[in-house]
Amino acid sequence: MMQITKPVSFENVVSMEDLSAEDVLSFIHEAQDFKAGKQIELKRPVYAANLFFESSTRTHTSFEMAERKLGLQVVNFDPSNSSLSKGESMSDTVKTFQAIGVDLVAIRDKKNEYYKDLIADPNVHVGIANGGDGSGQHPSQSLLDMMTIYEEFGHFEGLKVAIVGDLTHSRVARSNMEVLTMLGAHVYFGGPKKWYTEEFAKYGEWMPIDDLVEEMDVMMFLRVQHERIADDENGAFSAEKYHAQYGLTAERESRMPQHSIIMHPAPVNRGVEIADELVECDKSRIFEQMHNGVFVRMAIMTSMLRNRDLIKEEY
Amino acid sequence: MKRIIANGQILDRGQLVKRDILIENGRVAKIAEDISTDGVDEVIDAKGNFVSAGLIDVHVHYRQPGQEQKETVKTGSLAAAHGGFTTVCAMPNVTPAPDSVNNMEALIKLNHTDGAVHIKQYAAITTNRGGDELVDFKALKDAGAFAFSNDGNGIQKSSTMYEAMQQAAKLDMAIVEHVQDDALTYGGVLNGGAAKRLGMKEMPWVSETAQVARDVILAEATGVHYHVCHASSKHTVNVIRAAKQAGINVTAEVSPHHLLLSDANIKEDNAMYKMNPPLRGEDDRQALIEGLLDGTIDMIATDHAPHTKADKDQSIATAAFGITGSETAFSMLYTRFVKTGRFTLAQLVNWLTKQPASVFKMRGAGSLAVGQPADIAIFDLKHEHEIKESDYLSKGKNSPFTGEAVYGDTVMTLVDGDIAYKRS
C-alpha cells in the first residue's frame, strides 16, 4: 500500500465532525506507528491533566497511560475534592490548570459540547482532548473503533458494518455511523426497532439480527443501559429476552462469515449483548479495541503536541 | 494566444499547492505561484479548483462509422472533454473496421476533423475483428495505428494470437486484448451470484482468466507488450501479478465500474448493470482495488460504450453489453475512493494520466509541465453535484451512475490550450 498521509496537527481534538477522511486515516496511521514502537522526544517537560468531571475509569486510565507512554507528566485531579464542589466553573478549573503550567487536558463532562465555550475563550490556550461530552462526541472511542477495523481489513470502502443495540442513547452509534459513511463503508442497524429512529435511517437500513450476522464484515454491539430499559413501558428488563431477540448467541456467531469480527465499546453485559463465552472468542476484538485505545490517544495527544511545536524528535 | 489559468491548485509531490499556469501557443509556458497578467489575452480564474493534467482514457468506443445512432466521434469526444479527458484511444469495433490502410486513414482523418480531444486509433488484429486472418501490421503502424486490438472479441485460436504477438513485437507495438474464451462464456451475461438471483445465464470468470493465462505465456514467448483490457476477476489479477513477477511484459487496465460496483449491486433486471465482462463479486472488486494499489493493475480506463435507449431498455438477458464512462469516471472515483481515503488524489490522477502515458509511451500527454501541450482539466472538488442525464454530451445515456451525488465535477477542459469543454 502506498498511502501517503500527512502527520496530523490539531490545536484541540474535540469532535469527529472536525475530521476529514484523510485526518481519520492519519490518526490511525500514527496510532499504528505507536503500536509498532514509535516514540517521541519532547523539547521540554510537558504536563497533562485529565479532568473527568463525569467519571469513566476506562477512558480516564487509557488517557493517563497514553500520556505516560509519551513521556508527559500527569497532574492529578479529583473532581470530588476540587473547588468544583465549592462552585467553581469548568472554565475556571481549566484556566487554573493552565495557570499552574499544564499544557494539555483530556476532559469528560455530562454537558453536550462543553468544549465550545472553552475553545472560543481567548484566554484558554491548553490543548483540549474530548474524552466524551454528554450524548455528543467521543472522538477517541470512535478513532479506536476505526483503527481496529482498519487493522483487520486495511480499508473501509465497501465494508458492511452493523451497529446493534441501544442506538438512541449512544454517542458511539452516532459518531461511528457518520465516520464510517464518510470513509465509504455501508452502515446497517440492528436491535430493538423502536430505537431505530429517522436520524439513523438516513445512514443505513435496519435488519433483523439473524440476517445481519450472515452478511456483515463487522458486528458492532452497544451496551444496553439496564436502567433505561427497565423504565420502558414494557416493564422490567429481561436480559434473557433481549439476548434471545437481539443479542449475539453462539448459534448466530456460527453463521458469521469467516473473515468477520465482533466489536463492543465495553463494558459488556455478558449474556445480554453478547453471549458470555463469545466475549473472548476468535472473532472478538473487544480487548484489542481497548489496547488500541491507548495508541489512538497517544496519536491525539501527539497531534496537539505537534501543533504547539513541543516535539523535538520522532523515531 | 496567451492564456493564464490563475488561482488553481495543482498536485506537487502529492500535495495540492496554489499555482498559476501560463499557456502560450498551446503549450504550458510557465508554472509559478503568481504570474503577471500583462500582455495576456485571457485570464481563466480557476477559483481554487483542482487543475490537473488532462486525463487519458485508453479504452473508448465511438460508433462511427456504422452505428452513428449510438455515438459519433464528435459526441464521444465531447463527452470525453466533459469528463476531463484530453486524450482517448478509440477501439476498432466500427464498421468498416480499421483492418486496412484505407479504413485506418479514413478513421484517423475523421478523428482529427471531428474530435474535440486527441484521439488515438487502435487497429484491428484480424480482418473484420474476427476469424484468423491477420492484418498487415507494418502498414497499419505506418498509417498511424496506436496499438492492435480486436476489442469486443477475444482471439480464440492460440496460433492466431501467437502470430499476432510475434508481428507486433517486431514493430514494438502493443497487443491490447479483450480477453474472452467464447467457449467458456456459455452464452452467459452475469456473474454467478447475480445470475442465480435473477435467473439468468452465468458468464463464468474462467472465460476471462483462462485466456489471460494463455496470453501471458504467449507474451513471454514473443516478448510483446501485452495489455489486458478491463480486468474483472480476482483470478485475473493473480495471473497478471504472477506474470509481472516473472518479468513478462504485461500491463492491465480496470474500468471504473468494476472498481465501484459488484454483482451485489444488481438488485433487479436492469440492463444499466449489463457489461462485458460482467460485474463480479465483492471479493473480486476488492482484489481489483488491491491490484491497483500494489501496481499489478497499471491504470484505469473507462470502456465507454454508448448505446441507444432501445438497445438498453430491455431485459439483461437480451440488452446490449456496455455502459458509458467518460462523463462519470473522475467524479465517481474521486467521491468513492479519494473522499473516503482509500486512494489519494495523486494516486487516482496518476492512474488516469501518467500511468497510461508511460505504459503506452505517449508523448506530450499525461503531465502538467512546462513545455508540454496544454492539455488540462479543472475539477471542482469542493461542491457536491448530481450526475444528471441532461448533462451528458454523449449520445449514450446508459449509465448506472445517473442520479448519484458526487464531488469532482469538471469545470473546464483545455486541449492544446484551447477550451474544449466549459461548465455552463
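In this predicted model, the axes of helix 7 (residues 206–222) of chain B and helix 8 (residues 234–245) of chain B come within 9 Å and cross at roughly 10°. The two helices therefore count as roughly parallel to each other (angles under 35 degrees count as roughly parallel, over 145 as roughly antiparallel, 65 to 115 as roughly perpendicular and the rest as oblique). Helix 7 of chain B contributes B:E208, B:T209, B:V212, B:A213 and B:V216 to the contact, and helix 8 of chain B contributes B:H235, B:T236, B:V239, B:I240 and B:A243. Residues are in contact if their C-beta atoms, placed from the backbone, lie within 7 Å. Axes are lines fitted to C-alpha atoms, for helices over the stretch in contact, and angles run from 0 to 180 degrees between N-to-C directions. Helices (H or I, at least four residues) and strands (E, at least two) are DSSP runs, numbered from the N terminus.

Residues are numbered from 1 along each chain as its sequence is written, and chains are lettered from A and ligands numbered from 1 in the order in which they are written. Local features need pLDDT of at least 70 and side-chain atom pairs count only at pLDDT 80 or more, while totals for chains, interfaces and linings use all residues.

In chain A, helix 2 (residues 57–69) and helix 12 (residues 286–307) pack at an angle of about 60°, with their axes 8 Å apart. That angle makes helix 2 of chain A oblique to helix 12 of chain A. On the side of helix 2 of chain A, the contact includes A:S62, A:F63 and A:M65; helix 12 of chain A brings, among them, A:G293, A:V294 and A:R297.

The table gives the contacts by class (Ala, Val, Leu, Ile, Met, Phe, Trp, Tyr, Cys and Pro are nonpolar, Asp, Glu, Lys and Arg charged, and the others, Gly among them, polar).

| Contact | Residues by class |
|---|---|
| Helix 7 with helix 8 of chain B | six nonpolar, three polar, one charged |
| Helix 2 with helix 12 of chain A | six nonpolar, two polar, three charged |

Between the chains, 15 residues of chain A are in contact with twelve residues of chain B. Helix 1 (residues 21–35) of chain A gives the most to the side of chain A that touches chain B, with four residues.

An unreviewed UniProt entry places the feature "active site" at B:D303. B:D303 is found in the loop between strand 12 (299–300) and helix 11 (309–312) of chain B. B:D303 counts as buried because it has 29 C-beta neighbours inside 10 Å (buried is 20 or more other C-beta atoms within 10 Å, exposed 12 or fewer, and partly exposed in between). Leaving aside neighbours within four places in sequence, B:D303 is in contact with B:H59, B:H230, B:S255 and B:G325.

Methods. Two residues are in contact if their C-beta atoms, placed from the backbone, lie within 7 Å. UniProt positions are given in the numbering used here, feature names are shortened, and annotations may be inferred rather than shown by experiment.
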